[in-house]
Amino acid sequence: MLSWPALLAAAAVVTGADQWIKALVTRAMPPGSSVPVIDGILSLTHVQNHGVAFGLMAGIPPIVTMLAALTLVVLLAYNKGRQLRSRMSAVGLALMAGGAVGNLLDRIRYGFVVDYIDVHVWPVFNLADAAIVAGAGLVVLVLMRSGGGSEVKA
């Protein structure tokens with residue numbers, strides 16, 4: 001089981017790594033440029049994502065992003081006094097929080113999210129997106145194993 005300070009530290013590491021990589025991509029590559037890493041499989045492609053997850057729903061009002069972030073803050077605050085029963089659910093929450101903060105910082109600073117991981121069969125995404133999806137997967141896995149019990153209150 002992770003303590004809340006450890007959970008917040010893990011989330012900060014995810015946010016920091018995400019922001020560092022995005023800064024490198026932004027400095028080294030103009031928007032729209034792409035560099036193959038593994039030909040036909042993986043490229044670094046600099047995209048300015050004005051949509052939500054994976055570029056979907058471009059042009060949504062900024063309030064939607066703020067409400068999504070507020071939902072995560074409420075979820076974390078609501079669960080702060082509760083003990084997360086497993087390390088996996090705590091890591092899942094840390095990944096989701098770190099990823100959400102990383103993308104929120106982009107939206108506040110630039111008005112869009114910097115994406116750069118291009119696997120050619122999926123929309124371009126970033127470390128924060130991957131952390132959110134992996135974290136949600138861990139939480140769902142814990143909930144499925146526990147029969148949907150009180151692992152994480154939502």
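This is a predicted model: local features need pLDDT of at least 70, side-chain atom pairs count only at pLDDT 80 or more; totals for chains, interfaces and linings use all residues.
## The chain as a whole

Of the 154 residues in the chain, 36% are buried.

The secondary structure comes to 4 helices and 3 strands, and reading along the sequence gives the pattern α-β-β-α-α-β-α. Among contacts with a separation of 6 or more, 70% are between residues 24 or more positions apart.

## How H1 meets H4

Let's turn to a pair of helices. H1 packs with helix H4 (residues 127-145) at an angle of about 150°, and their axes are 9 Å apart. Angles over 145 degrees count as roughly antiparallel, so H1 is roughly antiparallel to H4.

On the H1 side, Val 14, Ala 17, Asp 18, Ile 21 and Lys 22 take part, and they meet Leu 127, Ala 128 and Ala 131 in H4. The residues of this contact divide into 6 nonpolar, no polar and 2 charged.

## A look at Lys 22

Is Lys 22 buried or exposed? Its relative accessible area is 3%, so Lys 22 is buried, the cut-off for that being under 20%.

Which residues surround it? Leaving aside neighbours within four places in sequence, Lys 22 is in contact with Gly 102, Asn 103, Asp 106, Val 113, Val 114, Tyr 116, Asn 126 and Ala 128.

Note on methods. Residues are numbered from 1 along each chain as its sequence is written. Side-chain values use heavy atoms; hydrogens and water are left out. Buried means under 20% relative accessible area, exposed over 50%, partly exposed in between (1.4 Å probe, protein chains only). Contact means heavy atoms within 4.5 Å. Helices (H or I, at least four residues) and strands (E, at least two) are DSSP runs, numbered from the N terminus. Axes are lines fitted to C-alpha atoms, for helices over the stretch in contact, and angles run from 0 to 180 degrees between N-to-C directions. Angles under 35 degrees count as roughly parallel, over 145 as roughly antiparallel, 65 to 115 as roughly perpendicular and the rest as oblique. Ala, Val, Leu, Ile, Met, Phe, Trp, Tyr, Cys and Pro count as nonpolar, Asp, Glu, Lys and Arg as charged, and the others, Gly among them, as polar.
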